[in-house]
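I wrote down what I looked up, in the order in which I looked.

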Amino acid sequence: MKVVAAILIYNKKILAFKRSLSKTNEHISLKYEFPGGKIKKNETEVAALKRELQEELDLSICNFKKYYNTSYDYIEYTVHISFYVAKLKNLNFKLKVHNNYKIVSIENLKSLDWLKADYSVIEHVQKYGLP
């Protein structure tokens, strides 16, 4: 499964979004994540990311920078994620699918309970920083 995600930066910190409770999918339930989602057929990564941010957060962003690619094997499927970075000037978004969010410094990212697929990029951010 091909997925895109946005690392959203606000005041040199990173926004982490908490997924809602899922009774059918325990490995994603109540975990923090970078917002994004599946890439549809014939959709570019950036177009998918813009669509997902609009659907999940009612957020329109134009300037993304490709940052990192990784894959992770869950039991049911493998996810291939392309991460993009975008800077926010304000926090004008709505939580439409998430139940909470936190603004976290880079050094404190691992203090949250993230989706397993996100730990690779978190380690990369902590080691090399953000653009």
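**Entry 1: a residue in a loop**

I began with a definition that I needed: a residue is called buried under 20% relative accessible area, exposed over 50%, and partly exposed in between. I also noted that I am working with a predicted model. With the cut-offs in hand I turned to Leu95, which sits in the loop between strand 6 and strand 7 (98–104). Is Leu95 buried, partly exposed or exposed? Its relative accessibility is 33%, so Leu95 counts as partly exposed.

I then looked up what Leu95 touches, leaving out residues up to four places away in sequence, and found Phe17, Glu56, Leu57, Asn100 and Tyr101. I also checked the spacing between Leu95 and Leu59, which are 36 residues apart along the chain, and their C-alpha atoms are separated by 9.9 Å.

**Entry 2**

Which way does strand 1 run beside strand 6? The two strands run parallel, and eight bridges join them. As an example from this pairing, I noted that Ile9 stands opposite Lys87 in strand 6.

Strand 5 pairs with strand 6 too, here in the antiparallel sense and over eight bridges. Strand 5 and strand 6 form a hairpin, with four residues between them. From this pairing I wrote down Lys66, whose bridge partner in strand 6 is Tyr84.

**Entry 2: aromatic rings**

How many aromatic pairs are there? I found a count of 11 aromatic pairs. The one I looked at in detail joins Tyr68 and Phe83, whose rings lie 6.4 Å apart from centre to centre, with 45 degrees between the planes, and this pair is classed as tilted. I checked the class against the cut-offs, by which planes under 30 degrees apart are stacked and those over 60 are edge-to-face, so the rest are tilted. The pair links distant parts of the chain, as Tyr68 belongs to strand 5 (residues 65–73) and Phe83 to strand 6 (residues 78–87), 15 residues apart.

I looked up how accessible the two partners are, and found that Tyr68 is buried at a relative accessible area of 18%, while Phe83 is buried at 0%. Both residues also belong to one aromatic cluster, which is formed by Tyr32, Phe34, Tyr67, Tyr68, Phe83 and Trp114.

I next searched for open space. The largest pocket holds about 530 Å³. Of the 25 residues that line this pocket, the closest to its centre are Arg19, Glu33, Gly36, Gly37 and Leu115. Strand 1 (2–10), strand 4 (36–38) and strand 6 are the elements that each give two or more residues to the lining. Sorted by class, the lining has 14 nonpolar, six polar and five charged residues.

For the second largest pocket I noted a volume of about 180 Å³. Its lining includes Leu59, Ser60 and Ile61, and also Ala86, Lys87 and Leu88. By class, this lining divides into five nonpolar, four polar and two charged residues.

**Entry 3: a buried glutamate**

Glu52 lies in helix 1 (residues 45–57). Its relative accessible area is 10%, so Glu52 counts as buried. Setting aside neighbours within four places in sequence, I found Glu52 in contact with Gly36, Gly37, Lys38 and Leu57. Gly36 and Gly37 had already come up among the residues closest to the centre of the largest pocket.

**Entry 4: two positive phi values**

Last, I looked up backbone angles. Leu30 has a phi near 60 degrees, which is a positive value in a residue other than glycine. Leu30 is placed in the loop between strand 2 (13–19) and strand 3 (32–33), and at 35% relative accessibility Leu30 counts as partly exposed.

Where does Asp58 lie? Asp58 is in the loop between helix 1 and strand 5. The phi of Asp58 is near 55 degrees, again a positive value in a residue other than glycine, and with a relative accessible area of 30% Asp58 is partly exposed.

Methods:
Residues numbered from 1 in each chain as written. Predicted model: local features only at pLDDT ≥ 70, side-chain atom pairs only at ≥ 80, totals over all residues. Heavy atoms only, no water. Phe/Tyr/Trp six-rings, centres within 6.5 Å; stacked < 30°, edge-to-face > 60°. Buried < 20%, exposed > 50% of the residue type's maximum accessible area, 1.4 Å probe, protein only. 1 Å grid on protein atoms, 1.4 Å probe; cavity = no way out; pocket = protein on both sides within 12 Å on 5 of 7 lines; lining within 4 Å. Points joined across faces, edges and corners; volume = space filled by probe spheres on them. Nonpolar A, V, L, I, M, F, W, Y, C, P; charged D, E, K, R; others polar. Pairing = 2+ DSSP bridges. Contact = heavy atoms within 4.5 Å.
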